[in-house]
Amino acid sequence: MLGKLFGRSAERPAAHTHALPPRKQKHGTYALRALGDARVLALVEAADAGDWAAVKAALAPFDLGREQAVLGQLTDVDGVEEWIVRAVEEDKDDEELRATALLISGARHVAWGWEARTSARAVDVGREQWQIFYERLRIAEEHLLEAAELRPGWVTPWRHLLTSGRGMSADDSVQEARLSAGLRRDPLNLDLHLEWVSHLQPRWGGEPGQALEFAQKAFAAAPDGHRLGCVIAMARIEEWVESDDRECLQQPRIRAELREAAERSILHHAYERRLGWQGDYNIFAMALSLAGSSTASNVFRELEGVITQWPWTFMSDPEKAYARFRKAF
């Protein structure tokens with residue numbers, strides 16, 4: 001169903017039945033709300049109201065065990081952690097609903113934990129922040145592991161366990177086992193690959209070049225038109241984040257690599273515009289812009305001013321940076 005709604009055609013896809021009207025903002029851009037889908041907005045509003053019955057009803061079209069984009073919308077809702085644990089107990093006799101509640105709780109506690117830690121450097125995080133961070137991540141791990149046990153086929157618990165494990169400084173063997181568990185369930189899952197690209201960064205103990213090598217190997221095994229090409233773009237963005245040289249990506253070989261990745265993934269005729277496809281395009285828009293590649297113009301044209309939070313949060317003023325790059329290309 002979603003494939004038909006968001007599938008790409010030779011011409012620009014028509015607006016789908018559940019599309020939300022855009023909210024124009026400054027610089028001619030607008031932030032994507034609820035993945036641009038009215039059903040997702042209803043889900044988010046139900047979660048914001050703490051209405052578990054309404055959340056369950058709104059979840060009907062989606063599969064949180066495999067749809068990270070939709071789950072991610074719930075993890076960003078403030079206050080979910082206050083009522084979702086009660087929901088776990090409320091549906092303890094229904095294995096699937098209990099697993100769903102545990103998954104939402106675990107993913108939210110991961111996000112909530114990082115909110116306490118903030119994006120500051122480790123040396124700048126206070127003792128109390130660390131304590132709260134670890135307390136929330138311990139709850140997250142407990143709930144995610146139980147959700148994974150109840151629903152062995154789900155991949156999203158493993159994606160969030162990678163994030164919590166990184167925060168808890170889990171051993172590499174633990175993290176590698178979690179990655180393997182996720183990839184066994186979905187070998188080409190982009191979210192798992194993106195998490196591992198983060199895990200391999202020097203700031204988390206990785207070696208320079210490891211993340212890019214992992215990304216290149218992964219994308220080489222993907223079919224044409226697969227969104228896994230985003231892992232190349234994200235590896236380059238992370239390289240830029242780690243570097244003191246703001247022009248480190250502006251090399252002909254890097255431009256060529258990013259152009260080829262875009263053309264073989266999001267700009268390929270086989271690419272399927274699923275729910276949240278704008279996130280894939282924004283990753284490439286930022287990477288191509290940082291590299292000074294003219295291919296960025298093709299990506300910005302398709303986005304029509306839509307900006308997603310990730311990965312522009314790496315910029316001090318995301319909307320202004322997006323608008324500047326969009327105008328430049």
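This is a guided tour of the model, stop by stop.

The model is predicted: local features need pLDDT of at least 70, side-chain atom pairs count only at pLDDT 80 or more, and totals for chains, interfaces and linings use all residues. Residues are numbered from 1 along each chain as its sequence is written, and side-chain values use heavy atoms, with hydrogens and water left out.

**Stop 1: the E1–H2 loop**

Select Ala34. Ala34 sits in the loop between strand E1 (30–31) and helix H2 (38–48). Helices (H or I, at least four residues) and strands (E, at least two) are DSSP runs, numbered from the N terminus. The phi of Ala34 is near 45°, a positive value in a residue other than glycine. Ala34 counts as buried, at 8% relative accessibility. Buried means under 20% relative accessible area, exposed over 50%, and partly exposed in between (1.4 Å probe, protein chains only).

Leu35 has a positive phi of about 60°, although it is not a glycine. Leu35 counts as buried, at 9% relative accessibility.

**Stop 2: helix H7**

Select residues 127–150. This is helix H7, with 24 residues. From first C-alpha to last, H7 reaches 35 Å, close to the 34 Å expected at 1.5 Å a residue. The expected span is 1.5 Å times one less than the number of residues. Colour the buried positions of H7, among them Phe133, Arg136, Leu137, Glu141 and His143.

Next, show Trp114, Phe133, Tyr134 and Trp204. These four form one aromatic cluster. Rings of Phe, Tyr and Trp (its six-membered ring) pair if their centres lie within 6.5 Å; planes under 30 degrees apart count as stacked, over 60 as edge-to-face and the rest as tilted.

**Stop 3: the cores**

Select Val231, Leu258, Phe284, Leu303, Trp312 and Met315. Of the 54 residues in the largest nonpolar core, these touch the most other members. H14 gives the most to this core, with 10 residues. A nonpolar core is a set of buried Ala, Val, Leu, Ile, Met, Phe, Trp, Tyr and Cys residues joined through side-chain atoms within 4.5 Å. A second, separate core of 43 residues includes Val55, Ala58, Leu103 and Leu137.

Centre on Val231. Its contacts include Leu190, His193 and Phe219, not counting residues up to four places away in sequence. Contact means heavy atoms within 4.5 Å.

**Stop 4: around Trp312**

The count of aromatic pairs comes to 10. One of them is Trp312 with Tyr322: edge-to-face, 5.4 Å centre to centre, 70° between the planes. Trp312 is in helix H16 (residues 309–312) and Tyr322 in helix H17. Trp312 is buried, at 0% relative accessibility. Tyr322 is buried, at 0% relative accessibility.

Step back to Pro311, also to be found in H16. The peptide bond from Trp310 to Pro311 is cis, with omega near 5°.

**Stop 5**

Show Arg264 with Phe219. Arg264 lies over the face of Phe219, 4.0 Å from the ring centre. A charge sits over a ring if NZ of Lys or CZ of Arg is within 6 Å of the ring centre and within 35 degrees of the ring normal. The charged end of Arg273 sits over the ring of Trp277, 4.1 Å from its centre.

Finish at Pro223, in the loop between helix H11 (210–220) and helix H12 (230–242). Is Pro223 buried or partly exposed? Pro223 is partly exposed, with a relative accessible area of 44%. Pro223 touches Leu188 and Arg264, not counting residues up to four places away in sequence.
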